[in-house]
Amino acid sequence: MSNRKLNLKDKYRLLTRDLEWEYSYRDYEEIFKQESFEGIKITDWSKWEDPFRLTMDSYWKYQAEKEKKLYAIFDAFAQNNGQQNVTDARYVNAIKLFLTGVSPLEYQAYNGFAHVGRQFGGVGARVACQMQSLDELRHVQTQIHAMSHYNKHFDGFQEFPHMHDRVWYLSVPKSFFDDARSAGPFEFMVAIGFSFEYVLTNLLFVPFMSGAAYNGDMATVTFGFSAQSDEARHMTLGLEIIKFMLEQHEDNVPIVQRWINKWLWRGYRVLTLVAMMMDYMLPNKVMSWQESFEVYFEEAATSLFKDLARYGIEMPAYAATAIEEKEHLSHQAWSIFYNYGHAAAFHTWMPTDQEMDWLSEKYPNTFDKYYRPRYEKWREMEEAGERYYNPTLPMLCQTCQIPMGFTDMENPTLTSYRQSEYDGERYNFCSDGCKDIFDHEPEKYVQSWLPVHQIYQGNCGGAEMEDVLGEYYRINLGVDNLDFHGSPDEERWNAWHNLQPAEDKLKEAS
Amino acid sequence: MRFYPLEKLINLHDNYMRHFKIDHREMLLLQHRGELYLIEAHCPHRAHPLDAASIDDGVIQCAAHHYQFALGDGRLLHASEERCRNLQTYPLVFEGNEVGVMLDD
């Protein structure tokens, strides 16, 4: 009966420590085969500080309460035809991007944490990974449930897991997680636990969730809140793993530094999608990508790396490039998607006059100089009935898999190209960060499943664009893809709200 | 000015294309319908390599965004984004059994 007096922390300590026993008939190395090959030296697992401090029974209780509230709101959203109350139908394309690009990463995280948890000799780390794994599974499920409502009213949601595995731009987030999951357990923890969950997560979730709030999407806001209390624990785990490795042995420092350099750059490249979503896909803007980057990366990372300096860890090597790119990133990304709007499972469009003015105001050094003239040309082409769709398959970066649309910050009109030769072949990169990652582990990255190469090799259906986009990707051609203007989504939206397309109004007036 | 030999005449034929790097300059030597051209190796728009470009009827079209330039004088003929400068072309110099280019030292 004395157990009742234990507080949660003690209960958790007992839960984890009781799982620790001496191995009598197998060697430690045989049981935890992956613990040492990366070169990380752990001398004492008992120094691990448990970040979660939740026992299973309390975990189920808390999560069940959150789920009850969450699903009540989903129901209310559906019953009140919440889909009709978002700002406008363009907004829903941000949610399509989230469901195809981000939600499957939650599933990959569930899978990854379940896998690496098994590899750690320390029981505290094992249980923490298991808890996070469960959270991630819950997140992917609640996100799918939240968005399934939109699937009834908008196009482009129907094949999200299939698309995640195949579609060219989804190969960017997918390969990021595949890269992490195929690394060793400690590298995975730096990649996902630290870089993604601790440093970059605010740049990913805050814009999507505030974007949802600003655009009337209460279902998405609610799953964001429901996940947020879990995220706080995940961030603690991400920081704990870094501090633990650094405190265990000084030989770990250079290895951890290299992983931080690598994974912050990899993660930042994936966030290109968020940059574009914030500046272009939200009808009601929250803040610009540049503003959010300054708050959630520049300020937050500067203070974080000040803390880590006492371990000998420095600001990542490529942070300076990321900071220089902040005034260009979203525009370059949206240009890529506008170019390839026929090959995307969501709609693209040219910003309205008002939106262009907002972009000029937010990006006074770059927008009018580099991007407005391009958009004006594209708008002219649209008005002439020649909406520009680029029929050439783009060259991709071997590491991040993004089309080569980024420019050199020294001369922002020229594409940033880097090359490496390996084993008689030439490989292309978008940046020094991506090139260095390749050069360090070429045997890993020569295996990259690059969507464009796979198409040319005939591994993605037939030889025609329709074979790849329609049959292999399962994009419903003419419905899910192409410009927002003229799409069935737009037509339905206008019918719900008795809106007329501008052309019809003109016709009637004349 | 200095003469840089590029290719022996005997090696030239229609659809010939070769990339040269002289100091910081990168150039493409190509033969199209019996005419020989020497142009800069990257598109003036976004610096995409032009060795992947298609050539038709005296017009070179970059693979990346389909910008078109006249091979003869490098004029920009078609832009699918904002306009860019013309393509740089270099006059060819024939010396003995070789073709080359005169460049500043």
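**A salt bridge and its surroundings**

Modeller: A:E376 and A:R372 form a salt bridge, with their closest N and O atoms 3.9 Å apart. The term asks for a side-chain nitrogen of Lys or Arg within 4 Å of a carboxyl oxygen of Asp or Glu. Both A:E376 and A:R372 sit in helix α17 of chain A, residues 367-383. They are four residues apart, about one turn of the helix. Helices here are DSSP runs of H or I with at least four residues, strands are E runs of at least two, and numbering starts from the N terminus.

Some ground rules. This is a predicted model, in which local features need pLDDT of at least 70, side-chain atom pairs count only at pLDDT 80 or more, and totals for chains, interfaces and linings use all residues. Residues are numbered from 1 along each chain as its sequence is written, chains are lettered from A and ligands numbered from 1 in the order written, and side-chain values use heavy atoms, without hydrogens and water.

Over all chains, the structure holds 42 salt bridges. Two of them cross the interface of chain A and chain B. A:R374 pairs with B:E81 in a salt bridge, the closest N and O atoms being 3.4 Å apart. At this interface, 18 residues of chain A are in contact (heavy atoms within 4.5 Å) with 14 residues of chain B. The two chains bury about 1200 Å² between them, 49% of it on carbon and sulfur atoms. Buried area is the accessible area (1.4 Å probe) that two parts lose on being put together, summed over both.

Now for a helix pair inside chain A. The axes of α3 (residues 56-79) and α6 (residues 123-151) of chain A come within 11 Å and cross at roughly 10°. That makes α3(A) roughly parallel to α6(A). Under 35 degrees counts as roughly parallel, over 145 as roughly antiparallel, 65 to 115 as roughly perpendicular, and the rest as oblique. Axes are lines fitted to C-alpha atoms, for helices over the stretch in contact, and angles run from 0 to 180 degrees between N-to-C directions.

Which residues meet? Those in α3(A) include A:W60, A:E67 and A:F74, and those in α6(A) include A:L134, A:R138 and A:H145. The residues of this contact divide into twelve nonpolar, six polar and four charged. Ala, Val, Leu, Ile, Met, Phe, Trp, Tyr, Cys and Pro count as nonpolar, Asp, Glu, Lys and Arg as charged, and the others, Gly among them, as polar.
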